[in-house]
Amino acid sequence: MSMLVASPDVSLNYRQQQSTWSPYDNNGGTCVAIAGADYCVVAADTRMSTGFTILTRDNSKILKLSDTCFLVSSGFQADIRALQKHLDAQHQIYQHQHNKKMSCPAMAQLLSNTLYYKRFFPYYAFNVLGGLDNEGKGCVFTYDAVGSYERVGYSSQGSGQQLLMPVLDNQLRSASPLLLPARDTATPLVEAEAVDLIKDVFASAAERDIYTGDGVEIVVVNTSGIRREYIDLRKD
């Protein structure tokens with residue numbers, strides 16, 4: 001009696017296909033935040049893609065957590081949405097218990113705790129938190145995927161980070177948080193200059209990063225309130 005035996009090539013290809021599956025995807029995009037003496041600017045492009053396919057050209061990566069705190073995220077959109085829902089639920093619980101909204105530094109610690117709690121199966125989300133602190137000064141917090149964070153004067157995350165950060169470093173040169181005595185991390189630019197800088201770096205990144213494009217959503221937070229702007233980027 002003859003037996004059918006799979007060829008070695010077929011079984012090898014099957015094992016290779018099995019090993020390529022991943023629970024994560026990177027939907028691209030770039031986000032930036034700059035903190036000033038009395039303001040904070042957060043911005044992100046609106047393109048969401050996978051591989052060489054653009055899924056949508058109008059995807060907001062900016063979440064308003066409170067009147068003085070905004071979260072900007074890049075990475076896997078399913079994990080980003082799950083993280084946003086969790087933070088919003090925790091913020092509502094905090095408001096019911098304390099009868100006030102959470103400050104931006106407190107929200108930064110909550111986000112760090114949330115990411116660290118999921119460290120063994122982390123959210124594939126790379127976050128920048130920006131807003132005003134309790135003294136009305138601009139603050140920016142930057143994160144890795146498992147919750148390690150620091151307060152900085154500016155930060156960028158996402159697929160265009162390597163293109164944006166050298167320009168921001170050259171133009172802003174914020175004090176290192178490791179310097180002693182501690183120095184103010186706020187950038188020297190006035191609000192209008194920070195907004196213009198963000199427009200310039202996104203226009204440059206869109207020319208060189210296929211996952212950044214279509215448009216830039218800009219949110220400016222200051223003591224007077226919140227202002228939103230939108231500019232177009234290249235569509236291809």
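This is a predicted model: local features need pLDDT of at least 70, side-chain atom pairs count only at pLDDT 80 or more; totals for chains, interfaces and linings use all residues.
Local features need pLDDT of at least 70, side-chain atom pairs count only at pLDDT 80 or more, and totals for chains, interfaces and linings use all residues. Residues are numbered from 1 along each chain as its sequence is written, and side-chain values use heavy atoms, without hydrogens and water.

User: How far apart are the end C-alpha atoms of helix H2?
Analyst: Helices are DSSP runs of H or I, at least four residues, numbered from the N terminus. H2 covers residues 77–98, 22 residues. The expected span is 1.5 Å times one less than the number of residues, so H2 should span 32 Å. The model agrees, with its end C-alpha atoms apart by 31 Å.

User: Within what arc do the buried residues of H2 fall?
Analyst: Buried means under 20% relative accessible area, exposed over 50%, partly exposed in between (1.4 Å probe, protein chains only). The buried residues of H2 include Ile80, Leu83, Leu87 and Tyr94. Seen down the axis, the buried residues line one face, because they fall within an arc of 150°.

User: Which exposed residues does the face of H2 turned away from its buried side carry?
Analyst: An α-helix has 3.6 residues a turn, so residues three or four places apart point the same way. On H2, the face away from the buried side carries Lys85, His96 and Gln97.

User: How far from Cys40 is the nearest cysteine sulfur?
Analyst: A disulfide is a pair of cysteine sulfur atoms within 2.5 Å. The structure holds 0 disulfides. Cys40 is in none, and the nearest cysteine sulfur, that of Cys139, lies away by 6.4 Å.

Note on methods. Helices (H or I, at least four residues) and strands (E, at least two) are DSSP runs, numbered from the N terminus. The arc is that of the directions from the helix axis to the C-beta atoms.
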